[in-house]
Amino acid sequence: MSNKTLELLQKRRTQYALGKDLPLSADMVEGLIKAAIRHAPSSFNSQSSRAVILFGAESEKAWGLIEAELRKIVPAEDFGPTEAKMKGFAAGAGTVLFYEDEDTIKGLQEQFPIYADAFPRFSQHSAGMAQLAVWTALAEEGIGASLQHYNPVADAALAEAFDVPASWTLVAQMPFGGHAGEIGDKTFMEDAARFRTHGK
């Protein structure tokens, strides 16, 4: 069976070996990221997802800030692998910082109090879909990426550096760039352990 959506999802893979060269201009990549987030679904069409899109030196700056915060909590003798990861992410062409807007979530809680406890969870669903949408859109254009979660370690440093509104909560970071290495094969667990089908 041929299915375009499945073909796109299969292209979306974790790429740690990133380079500076992109197959598209920075303006086109920015537009792609914005469109992917704009069209990603969100509960009650809340559009709670936010993004800070960084290119070049600004992306390198972000990973430098994250590295500096990690050095405060990771013992120096154990920092080698972490430092290598930071350099790998900084080697890419850019980074998307994904946020969720707490003011939007609070507004929904006030408007629909019966669902108040659920809206933070719904927000995380929206965040995940925005991240998948961006990652898949980048993959379709031949751009490598991975999804990282160095939060809340560097939240304050990144917020100050990039003038992030106080109501935005950092949920993930996505370094992206040209493919500078091969991507390993992806393995899958048995379907019987993951799925149940009834009624056919």
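**Close-up 1. Strand S1 pairs with strand S5.** Strand S1 (residues 18-19) and S5 run antiparallel and share two bridges; strands here are DSSP runs of E with at least two residues, helices are runs of H or I with at least four, and both are numbered from the N terminus. Two strands count as paired if DSSP finds at least two bridges between them. Look for glycine 19, which sits opposite glycine 178 in S5. This is a predicted model, in which local features need pLDDT of at least 70 and side-chain atom pairs count only at pLDDT 80 or more, while totals for chains, interfaces and linings use all residues. Residues are numbered from 1 along each chain as its sequence is written, and side-chain values use heavy atoms, leaving out hydrogens and water.

Close-up 2. Strand S3 (residues 94-101) pairs with S5 in the antiparallel sense over eight bridges, and valine 96 has methionine 174 as its bridge partner in S5. Strand S4 (residues 144-145) is also antiparallel to S5, with two bridges; here alanine 145 faces phenylalanine 176.

Close-up 3. Strand S5 (residues 168-179) is largely enclosed by the rest of the structure, because nine of its twelve residues are buried (under 20% relative accessible area, with exposed over 50% and partly exposed in between, using a 1.4 Å probe and protein chains only).
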